[in-house]
Amino acid sequence: MPTQKTYLVLSALGEDHPGIVDTLSKTILEQGCNIEDSRMTVLGGEFAAILLVQGKWNTLAKIENALPELERRLGMTIISKRTGERTAGANLLPYAVDVIAMDHPGIVNNLAGFFSERGINIEDLTTSTYAAAHTGTPMFAVHITIGIPADMHIATLREEFTDYCDGLNLDAVLEPLKG
């Protein structure tokens, strides 16, 4: 019987400067742990990171004990939480959603509401803004990964989603996640 893995989720936020990823990853490695999954980015002038760290219970405890000094050295706020392995979704089909529109408030909320009302879980969501080529119009892009219950009729969902997005003037695509 395989041993259940133990994890620590770390969330770090602070003013961006060189060396943050190096220091975070070195601390994790030195304690005998491994980064299994992460998202790290600069938002405004702040660096934000969310990491899923895997290790034995005692090596994760070493990281937890190192956090106050790490916060001080990096000038960041770091929060940690123990977690277990993710339970596999019961017959969920992975789909990707891509939306592009002129930037305006409420796009993410509208999309989240559409999927929430249908019991569809948002598993990953990224957004960005940019200026349209030639015109400079502020544009907004959203990429979402969702898990659609296998018993849901995909063609009907796609049609409802397309109609919903058309009504909001959002250019959208809903397709199976590749790779």
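Mentor: The charged end of Arg118 sits over the ring of Phe114, 3.6 Å from the ring centre. A charge is counted in this way if NZ of Lys or CZ of Arg is within 6 Å of the ring centre and within 35 degrees of the ring normal. The model is a predicted one, in which local features need pLDDT of at least 70 and side-chain atom pairs count only at pLDDT 80 or more, while totals for chains, interfaces and linings use all residues. Residues are numbered from 1 along each chain as its sequence is written, and side-chain values use heavy atoms, with hydrogens and water left out.

Phe114 also belongs to an aromatic cluster, together with Phe115, Phe161 and Tyr164. A pair of aromatic rings is described by the distance of the centres and the angle of the planes. Rings of Phe, Tyr and Trp (its six-membered ring) pair if their centres lie within 6.5 Å; planes under 30 degrees apart are stacked, over 60 edge-to-face, and the rest tilted. The count of aromatic pairs under this rule is 4. One of them joins Phe114 to Phe115 edge-to-face, with 5.1 Å between the centres and 90 degrees between the planes. Phe114 and Phe115 are both buried, where buried means under 20% relative accessible area, exposed over 50%, and partly exposed in between (1.4 Å probe, protein chains only).

The strands come next. Helices (H or I, at least four residues) and strands (E, at least two) are DSSP runs numbered from the N terminus, and two strands pair if DSSP finds at least two bridges between them. Strand β1 (residues 6-15) runs antiparallel to β3 (residues 46-55), joined to it by 10 bridges. In this pairing Leu13 stands opposite Ala48 of β3. β1 also pairs with β4 (residues 76-83), again in the antiparallel sense, over 8 bridges.

Now the pockets. On a 1 Å grid over the protein atoms alone, a cavity is a set of points where a 1.4 Å probe fits but cannot get out, whereas a pocket is an open set with protein on both sides within 12 Å along at least five of seven lines; lining residues have an atom within 4 Å of a point. Grid points are joined across faces, edges and corners, and a volume is the space filled by probe spheres set on the points. The largest pocket holds about 480 Å³. It has 15 lining residues, and those closest to its centre are Asp37, Arg39, Leu52, Arg86 and Glu123. β1, β2 (34-43), β3 and β6 (121-131) each give two or more residues to this lining. By residue class the lining is 5 nonpolar, 4 polar and 6 charged; Ala, Val, Leu, Ile, Met, Phe, Trp, Tyr, Cys and Pro count as nonpolar, Asp, Glu, Lys and Arg as charged, and the others, Gly among them, as polar.

The second largest pocket has about 260 Å³. Its lining includes Arg39, Ala48 and Asp124. At least two lining residues come from each of β2, β3 and β6. This lining divides into 6 nonpolar, 3 polar and 2 charged residues.

Some single residues remain. Ile148 belongs to strand β7 (residues 138-149) and counts as buried because its relative accessible area is 0%. Its C-alpha lies 8.3 Å from that of Asn91, 57 residues away in sequence. Trp57 is in helix α2 (residues 57-74) and counts as exposed because its relative accessible area is 60%. Trp57 and Tyr7 are 50 residues apart along the chain, with 8.1 Å between their C-alpha atoms. His134, in the loop between β6 and β7, has a positive phi of about 75 degrees although it is not a glycine. At 86% relative accessibility, His134 is exposed. Asn169, in the loop between α4 (154-167) and β8 (171-176), is another non-glycine with a positive phi, about 60 degrees. Its relative accessibility is 64%, so Asn169 counts as exposed.
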